[in-house]
Amino acid sequence: MIIETRWIISTIRMLLGRYYNWKLLIHDNHKINPMLNIVLFGPPGAGKGTQSEKLIEKYSLKHLSTGDILRAAIQKQTPLGLEAKRIIDKGELVPDETVIGLIAKELDANKNVKGFIFDGFPRTTLQAQKLDEMLTSKGIAITMMMALVVDHQELVKRLLNRGLISARSDDQNVDIIENRIKVYNDYTKVVADYYKEQNKYKAVDGMGEIDEIFERLCTTIKEYQKD
Ligand code: ADP
């Protein structure tokens, strides 16, 4: 009888301890870890790059864009760049292990920053799981995912407009653009569920003027920090 009671008490203690740790990890993470680590999410053309530029300035964050890193490799014509170009020009996804390796390198190279904005990464659930593993091993965590919501027609319009002024070959052809949006709907959209399960998902209206969308993002961050 005494042994049973002790067992019940120690089980309850263990469960309470687990619950407390889970609560700290999921809900109160920003109180024990002041870093602001944002996944800026959304389909191609949602405005992730534009808004990242503004967010990194306001919050002094480090911008990690896998698209930018891959384009730099393409420009330098490294073996990785040449392989990536072939894939990007079709509007497909570069293999998970390639982009995970690129992000791992960046995390190691940026140890003393106030936080990161992940732009274009994670794009698959495996990438999201690996990102969590990499961050956990460094004692940090994703603060939240902010997802820019923009309708299909507007995405195509924005990308074709960007294609007129940028050198991005993947922005210049409507079939490639449509394929990128399809790949997003088939493989990437589901990554939002991963963060919803962790209670870290926030949808933000991505239609309208750049500055008003930026205000919405800042308000979302402020509300989170107030909690
Ligand atoms: P977009 O403006 O379409 O969101 P990005 O600049 O983020 O595009 O990326 C351009 C291309 O680089 C993508 O279409 C894809 O081929 C490749 N890419 C970028 N990030 C990733 C990733 N995390 N996983 C796989 N492929 C990626």
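Colleague: In strand β3 (residues 116-119), which residues lie on one side and which on the other, and are they buried or exposed?

Modeller: This is a predicted model, and in it both faces of strand β3 are covered. In a regular strand the side chains alternate between the two faces of the sheet. In β3, F116 and F118 lie on one side while I117 and D119 lie on the other, and the state of all four is buried.

Colleague: Which strands pair with β3, and over how many bridges?

Modeller: Strand β1 (residues 38-41) pairs with β3 in the parallel sense over three bridges, and within this pairing V39 stands opposite F118. Strand β2 (residues 62-65) also runs parallel to β3, with H63 opposite I117.

Colleague: How are the rings of F116 and F118 placed, and what is the pair called?

Modeller: F116 counts as buried at 2% relative accessibility, and F118 counts as buried at 0%. The structure holds three aromatic pairs; F41 and Y184 form one of them, with 5.8 Å from centre to centre and 45 degrees between the planes. F41 is buried at a relative accessible area of 5%, and Y184 is buried at 10%. For F116 and F118 the ring centres are 5.7 Å apart and the planes stand at 40 degrees, so the pair is called tilted.

Colleague: How many residues apart in sequence are the parts that the pair of F41 and Y184 ties together?

Modeller: F41 and Y184 form a tilted aromatic pair. F41 belongs to strand β1 and Y184 to helix α9 (residues 174-188), so the parts tied together are apart in sequence by 143 residues.

Colleague: Is L160 buried, partly exposed or exposed?

Modeller: L160 has its place in helix α8 (residues 152-165), and, leaving out residues up to four places away in sequence, L160 touches D171, V174 and I177. Buried would require under 20% relative accessible area and exposed over 50%. Because the relative accessible area of L160 is 33%, this residue is partly exposed.

Colleague: What share of the residues in the chain is buried?

Modeller: The chain holds 11 helices and five strands, and its C-alpha atoms fill a box of roughly 75 × 40 × 35 Å along the principal axes. Among contacts with a separation of 6 or more, residues 24 or more positions apart account for 75%. Of the 227 residues in the chain, the buried share is 45%.

Key:
Residues are numbered from 1 along each chain as its sequence is written. This is a predicted model: local features need pLDDT of at least 70, side-chain atom pairs count only at pLDDT 80 or more; totals for chains, interfaces and linings use all residues. Side-chain values use heavy atoms; hydrogens and water are left out. Helices (H or I, at least four residues) and strands (E, at least two) are DSSP runs, numbered from the N terminus. Buried means under 20% relative accessible area, exposed over 50%, partly exposed in between (1.4 Å probe, protein chains only). Contact means heavy atoms within 4.5 Å. Two strands pair if DSSP finds at least two bridges between them. Rings of Phe, Tyr and Trp (its six-membered ring) pair if their centres lie within 6.5 Å; planes under 30 degrees apart count as stacked, over 60 as edge-to-face and the rest as tilted.
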